[in-house]
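Subject: Handing over a structure

Dear colleague,

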Amino acid sequence: MPDKDIIPGIHNWCDRWCEKCSFIARCAVGVQELDLIEEEQKGNKPDFWEGINEQFTKSIQLIDELAKEKGIDLDDIPDEEWDKINKEREEKELEGENHPISKLAGKYPQDCQNILNDNFVKGKFDSEIQKLELELEKEAKTKIKELKEAVDIIRWYMFFIPAKSKRLMMENLDTEFEDAEFPPEERSYNGTAKITLIAIERSISSWGLLLQTYPEHQDEVLSVLALLQKLQKMIHTEFPDALSFIRPGFDE
Ligand code: SF4
């Protein structure tokens, strides 16, 4: 894929589910992922990390040589400066973590796991698969496929939602520059809010399918849905322009 076909920055506001992404061939991150997928399909398992490590060592050597040539001491950062940088980073992280949006999102994976790991989902799937194997129900095939996709979606976004929510609240602490320089549809924090909202919406749809299929488990599912809806509302309130953000590739 020629470089001109790559969409700059597309990977900054996506859900990182490259396998399912229609822009995989037009994204700098996706293209590497695609190579790995193709190699795996051919039965080759390239040692990806070995390649990266080699490149890292080469890069460090090159940087050291260049710095020496130019008389720059790369380690010359006074301890007080490091302490200041670390302190500011820790404070910002704590502030981001303590925001009600981060706290609520942080509860979500545990609630999900409580449901996904108990007999409700696993037991149901086993019995559906059994029916399928026995070919007692022709419709079971479509149903199990839909349910499997719904559970895949829930699992994919289960940790993505809290991670993005925390990043969002940290980005929100530094909005002055972006607010002054860019319109709402170009502010990075709105992009993060938008992809978080998309992940929440897709998770709500998937939980909705489980609710529809297994109404006898409505209490557990409803509590997770209530959490997601509350989170959705809080993000919309805190970032009213989130949906106006134009994600490169996806929204153009
Ligand atoms: S834009 Fe698509 S291909 Fe690129 S990192 Fe995101 S999900 Fe993966």
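The notes below go from the overall picture to single residues.

This is a predicted model, in which local features need pLDDT of at least 70 and side-chain atom pairs count only at pLDDT 80 or more, while totals for chains, interfaces and linings use all residues. Residues are numbered from 1 along each chain as its sequence is written.

The protein averages a pLDDT (the predictor's confidence in each residue, from 0 to 100) of 84, and 84% of the residues score at least 70. Confidence is lowest in helix H5 (residues 119-134), with a mean of 64, and highest in helix H8 (residues 188-213), with 93. Where pLDDT is low, the predicted coordinates should not be read in detail.

The protein has nine helices and zero strands, where helices (H or I, at least four residues) and strands (E, at least two) are DSSP runs numbered from the N terminus. Of the 252 residues, 18% are buried, a residue being buried if 20 or more other C-beta atoms lie within 10 Å of its own, exposed if 12 or fewer, and partly exposed in between, with C-beta atoms placed from the backbone. Among contacts (C-beta atoms, placed from the backbone, within 7 Å) with a separation of 6 or more, 70% join residues 24 or more positions apart.

Proline 109 lies in helix H4 and counts as partly exposed because it has 18 C-beta neighbours inside 10 Å. With residues up to four places away in sequence left out, proline 109 touches Met158, Phe159 and Pro162.

Lastly, the ligand is surrounded by residues that include His11, Arg16, Trp17 and Gly30, where a residue is near a molecule if its C-beta atom, placed from the backbone, lies within 6 Å of it.

With best wishes

Key:
Two residues are in contact if their C-beta atoms, placed from the backbone, lie within 7 Å.
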